[in-house]
Amino acid sequence: MISVRRSADRGHADRGWLDSRFTFSFADYYDPAHMSFGFLRVMNEDWVQPGMGFPTHPHRNMEIITYVLEGAVAHKDSTGSGEVLRPGEVQYMSAGRGIQHSEFNPSADEVLHLYQIWLLPRETGGDPAYDQRYFAPERRAGQLCPVATADGRDGSIAVKQDASVYATTLTDGATVSLSTTLTRKIWVQVARGNAIVNGEAVTEGDGAAIDEVDQVTLVGSTNGAELLVFEMGK
């Protein structure tokens, strides 16, 4: 079964310096029909103007993944981590019992475009943690590259949940498949371009919720696509 959450139907907030699209209820956007999907609680697409960002603020009990499409984000947190994240890199922050962090666009002229994703953790509490890794374009081209997994396999970031996150880029007509089981939940987010997901045409900003299938087939469509794929337990 597949259900598509169209880009145009997402929540929207424009604060001038920040333009955001919300797949699930977040902040002032509330839609009881779209609270989460499995362990996936937040799927925000943000455009941050040059020199702007989020000052220091707290998080607790959430697995947070940031995926940059354009520009860069400067990150600092209370674990002592201070990094700059660019396209091709994936950032992970396990908030645990509590963490404080800030995120800014350090550029004077380039807009920052990113996805921030929150997964509910397997267990609450625990020590906060930070990780950041680069995944080269060739690892994502025409194949599912694991960027975050429960066991940290194949150089992916280890997360505290029964979930695997993949990134892929597909040219027009290129196909890749994910074998799964009927008991798993799958979410496919179209970060860029156009694709066909299990026979359903999707475009930039769309998300596809899939369950009760044993295989997910992704095909690049017009101009190709960049996709994030989430496979989760129930």
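Ala, Val, Leu, Ile, Met, Phe, Trp, Tyr, Cys and Pro count as nonpolar, Asp, Glu, Lys and Arg as charged, and the others, Gly among them, as polar. The exercises below concern a predicted model.

**Exercise 1. The largest pocket**

Describe the lining of the largest pocket by residue class and by the strands that supply it.

Solution. 
- Step 1. The volume of this pocket is about 260 Å³.
- Step 2. Its lining consists of 22 residues, and those nearest the centre are Phe26, Asn44, Asp46, Phe54 and Gln116.
- Step 3. Sorted by class, the lining of the largest pocket holds twelve nonpolar, seven polar and three charged residues.
- Step 4. At least two lining residues come from each of S3, S4 (40–48), S5 (53–59), S10 (99–104) and S11 (112–119).

**Exercise 2. The open sheet**

Find which strands stand at the edges of the seven-stranded sheet.

Solution. 
- Step 1. Write down the order of the open sheet, S2-S3-S4-S11-S6-S9-S12, in which the pairing is antiparallel.
- Step 2. S2 (11–14) and S12 (129–134) each have a single partner strand, so they are the edges, and one side of each lacks a neighbour in the sheet.
- Step 3. On average, neighbouring strands of this sheet are turned by 15 degrees against each other, direction ignored.
- Step 4. Asp14 has Asp19 in S3 as its bridge partner.

**Exercise 3. Two faces of a strand**

Sort the side chains of S16 (residues 175–179) by the face to which they point.

Solution. 
- Step 1. In a regular strand, side chains alternate between the two faces of the sheet.
- Step 2. In S16, Val176 and Leu178 point to one face and are buried.
- Step 3. S16 runs antiparallel to S20 (residues 215–232), joined by five bridges. Leu218 in S20 stands opposite Val176.

**Exercise 4. Aromatic pairs**

Solution. 
- Step 1. The whole structure contains six aromatic pairs.
- Step 2. Phe22 and Phe26 form a tilted pair, 5.6 Å centre to centre with 35 degrees between the planes.
- Step 3. Buried means under 20% relative accessible area. Phe22 has 4% relative accessibility, so it counts as buried. Phe26, at 22%, counts as partly exposed.
- Step 4. Another tilted pair is Phe24 and Trp187, at 5.2 Å centre to centre and 55 degrees between the planes. Phe24 lies in the loop between S3 and S4 and Trp187 in S17 (residues 185–197), 163 residues apart.
- Step 5. Ring pairs also link Phe22, Phe26, Tyr29 and Trp118 into a cluster.

Note on methods
Residues are numbered from 1 along each chain as its sequence is written. This is a predicted model: local features need pLDDT of at least 70, side-chain atom pairs count only at pLDDT 80 or more; totals for chains, interfaces and linings use all residues. Side-chain values use heavy atoms; hydrogens and water are left out. Two strands pair if DSSP finds at least two bridges between them. Helices (H or I, at least four residues) and strands (E, at least two) are DSSP runs, numbered from the N terminus. Axes are lines fitted to C-alpha atoms, for helices over the stretch in contact, and angles run from 0 to 180 degrees between N-to-C directions. Buried means under 20% relative accessible area, exposed over 50%, partly exposed in between (1.4 Å probe, protein chains only). On a 1 Å grid over the protein atoms alone, a cavity is a set of points where a 1.4 Å probe fits but cannot get out, and a pocket is an open set with protein on both sides within 12 Å along at least five of seven lines; lining residues have an atom within 4 Å of a point. Grid points are joined across faces, edges and corners, and a volume is the space filled by probe spheres set on the points. Rings of Phe, Tyr and Trp (its six-membered ring) pair if their centres lie within 6.5 Å; planes under 30 degrees apart count as stacked, over 60 as edge-to-face and the rest as tilted.
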